[in-house]
Amino acid sequence: MALLKVESVTKNFGGLVALNEVSLEVEQGSLLGVIGPNGAGKTTLFSTISGFHKPLRGAIYFQEQRIDGLKPHKICKMGLARTFQIAQPFLGFTPLETLITAALNALSLDRATKRAEEVLDMVGLAEKAHEEGGSLTTADQKALEVGKAIATGGRLILLDEVMAGLTVPEAQVMMSLIERLRREGFTFLMVEHVMYVIMKLCDRIVVLNFGEKIAEGTPEEIAKNKTVIDAYIGEE
Ligand SMILES: Nc1ncnc2c1ncn2[C@@H]1O[C@H](COP(=O)(O)OP(=O)(O)OP(=O)(O)O)[C@@H](O)[C@H]1O
Ligand SMILES: [Mg+2]
C-alpha cells in the first residue's frame, strides 16, 4: 500500500476546474515529481492533499487513513507536511525559534528545542540560528521552509518549487539536502519547474495540464513523451 494515495480528486474554484479526477500514489521512501505549465493545478493539488482545500469529489489516503476533509493541522500531526511556493517566514522569528515552533507540533518544549537544533544542522542553518528570519537569503529561506516541514515531524514532505529563485550552486545544495533526507527515510512529493532537478531527483513524474493528469512515468519516459513535450517541455 502506498504511503499517499490520491484517488480521482476533483477541485473547482467556482466554474474553474483546477483538478479534474487526478489520481496518483507515492510509495514510502520514493520521490514523485509533479510538473506542468503555470496554472496546471500543481499548487492546488498540494493544498488539497494538505487539507487547505476540500476536494469536490474523490478521496485521499495517507498511511491508509482517509484524510480529505481533515483540517491542515490534523493532517500535519499525522506526519504529512508541506512547504509553500512563496516562503512563509514566521515574522520576527529567528530560524531556531521558527523550527522550535514547528517542532511543537509534535513535541514538548524541551524536546522541540533539541529537535529544532538537529534540524537546523540538517538543513545547513546552524550558523544562522539566531539571525533575524527576514534577513535570510532566498536560499536560506527555502532551506528553512524544508526545515519547518521536517521539524513538524513530517515523514512525507510536499515541496512546492523549492528551487525557484535559487542560483545553480544554491540549487545543487538544495538537491544534495533532498537526497540526504531521502537516505534518512523521508518521502517526497515535489512540484518543480527546473527540469534538470526533476530529471535528476525523481523516481517517477506526474504531468498535469489544465487540471488533468496527462502523463506519468520515469524521467526517461516523460522526457520523450510526445503529449508532454507539446504541452510543457518543448523540443529541448
Ligand atoms: N484560491 C483560488 N481561487 C480561485 N482560483 C484559484 C485559486 N487557486 C488557484 N486558482 C486557479 O486554479 C488554477 C490552478 O492554479 P495553481 O496555483 O494550482 O497552478 P500551478 O500549477 O501551481 O501554477 P504555477 O506553476 O504558476 O505555480 C489556476 O487557473 C488558478 O488561477
Ligand atoms: Mg504553483
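**View 1. Helix 3 passes helix 5 in a right-handed crossing.** In this predicted model, helix 3 (residues 95-103) and helix 5 (residues 138-151) pack with their axes 7 Å apart and at an angle of about 30°, which makes helix 3 roughly parallel to helix 5. On the helix 3 side the contact is made by P95, T98, L99, A102 and A103, and on the helix 5 side by L144, G147, K148 and A151; by class, six of these residues are nonpolar, two polar and one charged. Helices (H or I, at least four residues) and strands (E, at least two) are DSSP runs numbered from the N terminus, and axes are lines fitted to C-alpha atoms, for helices over the stretch in contact, with angles running from 0 to 180 degrees between N-to-C directions. Angles under 35 degrees count as roughly parallel, over 145 as roughly antiparallel, 65 to 115 as roughly perpendicular and the rest as oblique. A crossing is right-handed if the near helix is turned clockwise from the far one by less than a right angle, and left-handed if anticlockwise. Contact means heavy atoms within 4.5 Å.

**View 2. Helix 4 and helix 5 also meet in a right-handed crossing.** The axes of helix 4 (residues 109-122) and helix 5 come within 9 Å and cross at roughly 140°, and the two helices are therefore oblique to each other. Here R115, V119 and M122 of helix 4 meet G147, I150 and A151 of helix 5, a contact with four nonpolar, one polar and one charged residues.

**View 3. T43 and Q85 coordinate the magnesium ion (ligand 2).** The donor atoms are OG1 of T43 and OE1 of Q85, at 2.0 to 2.3 Å, where donors are N, O and S atoms within 2.8 Å of the metal (3.2 Å for Na, K and Ca) and, because water is not among the atoms, sites may look incomplete. T43 lies in helix 1 (residues 42-49) and Q85 in the loop between strand 6 (80-82) and helix 3, so the pair ties together parts that are 42 residues apart in sequence. T43 is partly exposed at 29% relative accessibility, and Q85 is partly exposed at 33% (buried means under 20% relative accessible area, exposed over 50%, partly exposed in between, with a 1.4 Å probe and protein chains only).

**View 4. L31 is a buried residue of strand 3 (residues 31-35).** With a relative accessible area of 1%, L31 touches I178, R182, F188, M190, L201, C202, D203 and R204, not counting residues up to four places away in sequence.

**Notes.** Residues are numbered from 1 along each chain as its sequence is written, chains are lettered from A and ligands numbered from 1 in the order in which they are written. Local features need pLDDT of at least 70 and side-chain atom pairs count only at pLDDT 80 or more, whereas totals for chains, interfaces and linings use all residues, and side-chain values use heavy atoms, with hydrogens and water left out.

How values were computed. Nonpolar A, V, L, I, M, F, W, Y, C, P; charged D, E, K, R; others polar.
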